[in-house]
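Please keep the sequence and the structure in view while reading.

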Amino acid sequence: ILWHEYAQYLVSIDESNEAIDVYKKAIHIFPKNLMLNFTYAELLESRKRSSEARELYQQLIEQSRENPSDFTLAAILYLQFLQRTEGPISMRKEFMKLMQAESCTYHLYFAMAKIENNVNVNRDAAIKIITLAAQKYGDDNSFQEKVIKRLIDMNAEEEVLTILENNQTKLSKESKLEIYKTFWKHLFYRNGDAQLLNQIKQEIETMEPTEIDKMDLMEFYLP
C-alpha cells in the first residue's frame, strides 16, 4: 500500500514525525487495515510515544471485536507491546480481560503462554494458561494435539497424561497414536521415567503393533 511505503521512506531518511503524520492520515482513511495500524504502533513505540501506541492498540482491539482473527492478532501484539513497555504485571492484567472476550481464540492463550515461558521464565504460569485453553476449547481433535505438543515442549508430563486420560474418547485413533509417539520420543530423548516410558509404549503397541519394532531399534541403538 502506497501510504505505508511512503511512511517507511520517510523513516529511512530520519523524518519520523512526518512518517507518523502519514500513518495517522492513512489510518483515518483505512481504519481497519491491520498492517497500517501495527506498523504505526511500532513506529510510535520506537519514538518513545508508548501512550499513543497503547491507545492505538486498544482502539484496534475494540473495532475488531466482530472478527475473531483480527481481534486475537491485535490482542497478541498488544500484550507483547505491554510486556516490552510496561512489564509482566500490566500485561497479565490485560490478558485477564481479553481472554473473556467472545472473539478471543485459543491462539491468544498460546501466545501468552509463550511470553510467560520464554520471556518471563515462568513455566508454571505458562502451563496453567495452556491448561485453561484446553478446558475452554477442548472439543476439537486438532486443538488437543496442539495443546499436548505445547505441554510436551515445556516438559509438563503430568499435565500431558491428565489431558490424554480426560480425552480418550474424544481423540481419534490416529490422533492418539501420533500424540503417544511424540510423547514417547520426548521422554526417551530426555531419559524420562522408565515406568512411564513403558506405559506409553504399551499404549502404542495396543493401537499399532508395528510401531514397536521401530521403538525397540531406537532403544537398542540409542541406549
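Met-35 is partly exposed, because its relative accessible area is 37%; buried means under 20% relative accessible area, exposed over 50%, and partly exposed in between, with a 1.4 Å probe and protein chains only. Met-35 has its place in helix 3, which covers residues 34-46. Helices (H or I, at least four residues) and strands (E, at least two) are DSSP runs, numbered from the N terminus.

Together with Ile-1, Ile-29 and Phe-30, Met-35 makes a nonpolar surface patch of about 330 Å². Patches consist of residues with over 30% relative accessible area and no salt bridge, where like charges are joined within 9 Å and nonpolar side chains (Val, Leu, Ile, Met, Phe, Trp, Tyr) within 5 Å. Accessible areas come from the Shrake-Rupley method with a 1.4 Å probe, and for residues only the protein chains shown count as cover.

## Basis of the model

The model is predicted: local features need pLDDT of at least 70, side-chain atom pairs count only at pLDDT 80 or more, and totals for chains, interfaces and linings use all residues. Residues are numbered from 1 along each chain as its sequence is written, and side-chain values use heavy atoms, with hydrogens and water left out.

## Overall architecture

The chain contains 13 helices and zero strands. Its radius of gyration is 23 Å, well over the 17 Å that the globule rule gives for 223 residues, so the chain is more spread out than a compact globule. The radius is taken over C-alpha atoms, and the rule is 2.2 Å times the number of residues to the power 0.38. Along its principal axes, the C-alpha trace spans about 65 × 35 × 35 Å.

Of the 223 residues, 47% are buried. The accessible surface of the chain comes to about 12,700 Å², and carbon and sulfur atoms account for 50% of this surface.

## The nonpolar core

The largest nonpolar core has 76 residues, and those with the most contacts inside it are Leu-151, Phe-183 and Ile-200. Such a core is a set of buried Ala, Val, Leu, Ile, Met, Phe, Trp, Tyr and Cys residues joined through side-chain atoms within 4.5 Å.

Leaving aside residues up to four places away in sequence, Ile-200 touches Leu-161, Tyr-180, Phe-183, Trp-184 and Leu-187. A contact means heavy atoms within 4.5 Å. Among contacts in the chain between residues at least 6 apart in sequence, 52% join residues at least 24 apart.

## Salt bridges

Seven salt bridges are found in the whole structure, each being a side-chain nitrogen of Lys or Arg within 4 Å of a carboxyl oxygen of Asp or Glu. One of them pairs Glu-45 with Arg-84, with the closest N and O atoms 2.8 Å apart. This pair links distant parts of the chain, since Glu-45 is in helix 3 and Arg-84 in helix 5 (residues 68-85), 39 residues apart. Glu-45 counts as buried because its relative accessibility is 16%.

Another bridge joins Glu-178 and Lys-181, whose closest N and O atoms are 3.4 Å apart. Both residues lie in helix 11 (residues 173-189), three residues apart, about one turn of the helix. Glu-178 is partly exposed, with a relative accessible area of 37%, whereas Lys-181 is buried, at 19%.
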